[in-house]
Amino acid sequence: MAVPEVSDEYLGDYVRILADVAATGRRLTRDELDTRRLLGREAAEAGCQLRALVVLHLAATRIEWPRAASADEASTGSVLAAVEQAVDAFAEGFERAQRLTVRREEAARREFIDDLLYGRSDLGRLAERATRFGLRLSRAHAVAVASGPEAYTETDSVPRTVEAALLTRFSGRKILITTKDGRLVCIAPGSQPDVLRYFAKQSHAATDGGRVAVGRPHRGPGGVVQSYDEALDALDLAERMDLDDPVLYAADLLVYPVLTRDRQAMADLVRSQLGPLQQARGGAEPLLRTLTAYFDSGCVAAETARRLSLSVRALTYRLERIHQLTGADPSDPMHRYTLQTAVIGARLLDWPAKDL
């Protein structure tokens, strides 16, 4: 592969230094080394390739060496030492500038991600900045969030593994993969659900069985925030409701926000329907667990007993006790809906662990 040409200006007084070293055998001065570092920094900021710059120095050395050697029979070692010093200082300045650029890029990326996911920046300005990171916020986007057994940062192996897998599979797609608050985050066009499904698959595997939630697609810069919040709410809901699914879709869980939209009304329902269970020996928790398993198993007594490691007779006794305390019969279709709604509300409100 051909090396791109770069301007001779980045040599500075390199040729003069070689001639002087050939004549005197001296080493480079501090000022000369600082100048070489400055030239390296300027070359990095101009976007030059270090390989091309090294080739430029070596070519100048090859061309000028005979002249320097003929002016005075300086030792080869002195000239080579000067070349080593000069190129090393130049490369040091170049690498420092690159590291600084990388840090600035990382800071800008992190600031953009924070503004994007919190929606705290001017939306028009945010949309302009998004193009730099491969997003077109005028279109609909969806956000997937993955949580694992530990908190992750962008430099950890898990996010890098997931990102590499997605970029290999979907090269050229407008995807942003990052971390936020210890979780993995993937932002993709709403028209490309296959990206988020693959992200969920890879994240579940990389986080050793972690859970992934996918928000609904929404349009505009504010849509990304909305989708992100939906994904976070889905993760929180899964934790409170003990949902087993490794991948959750906010679109499938819309009933739960509806149920808790009027929190006071739901709290009143839980107190009135389930409050009497607190009079039972051992409190409300065992009977509430029984109702949860009963409804989750489709109100099939044998399956409920198996899930609770009880005999069918013991389960029947518990259901009768619930009927006695609450006045509602879990096996009666007329009572079942109210009881099941109250049970869902109790799980959403973390009752009876928390007072209502």
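Q: Contact means that heavy atoms lie within 4.5 Å of each other. With that in mind, which elements do the buried residues of H7 pack against?
A: They pack against strand S1 (140-147), helix H6 (157-169), strand S3 (183-189), strand S4 (211-214) and strand S6 (247-249). The buried residues themselves are Val195, Leu196, Tyr198, Phe199, Ala200 and Ser203. Buried is the word for under 20% relative accessible area, exposed for over 50%, and partly exposed for anything in between (1.4 Å probe, protein chains only).

Q: What kind of model is this?
A: This is a predicted model, in which local features need pLDDT of at least 70 and side-chain atom pairs count only at pLDDT 80 or more, while totals for chains, interfaces and linings use all residues. Residues are numbered from 1 along each chain as its sequence is written, and side-chain values use heavy atoms, leaving out hydrogens and water.

Q: How many helices and strands are there in the protein?
A: The protein has 14 helices and 6 strands. Helices (H or I, at least four residues) and strands (E, at least two) are DSSP runs, numbered from the N terminus.

Q: Why is the pair of Phe170 and Tyr198 called edge-to-face?
A: Rings of Phe, Tyr and Trp (its six-membered ring) pair if their centres lie within 6.5 Å; planes under 30 degrees apart count as stacked, over 60 as edge-to-face and the rest as tilted. The structure holds 2 such aromatic pairs. Here the centres are 5.6 Å apart and the planes stand at 80°, so the pair of Phe170 and Tyr198 is edge-to-face. This pair links distant parts of the chain, with Phe170 in the loop between H6 and strand S2 (176-180) and Tyr198 in helix H7, 28 residues apart. Phe170 and Tyr198 are both buried.

Q: Why is the pair of Tyr294 and Phe295 called tilted?
A: Its ring centres are 5.8 Å apart and its planes are at 55°, so the pair of Tyr294 and Phe295 counts as tilted. Tyr294 and Phe295 are both buried.

Q: What makes S2 largely enclosed by the rest of the structure?
A: 5 of the 5 residues of S2 are buried, so S2 is largely enclosed. Leu176, Thr178 and Lys180 point one way from S2, while Ile177 and Thr179 point the other way.

Q: How many bridges join S2 to S3?
A: There are 5 bridges between S2 and S3, which run antiparallel. Two strands pair if DSSP finds at least two bridges between them, so S2 and S3 pair. Lys180 stands opposite Arg183 in S3, and in the hairpin of S2 and S3 Asp181 takes a positive phi near 55°.

Q: Which way do S4 and S6 run, parallel or antiparallel?
A: S4 and S6 run parallel, joined by 3 bridges, with Val212 opposite Val247 in S6. S1 and S4, by contrast, run antiparallel and are joined by 4 bridges.

Q: Why does Ser78 count as buried?
A: Its relative accessibility is 18%, so Ser78 counts as buried. Ser78 sits in helix H4 (residues 76-118) and touches Val21 and Gly25, not counting residues up to four places away in sequence.

Q: Does Gly25 count as buried or partly exposed?
A: At 36% relative accessibility, Gly25 counts as partly exposed. Gly25 lies in the loop between helix H1 (14-24) and helix H2 (30-45).
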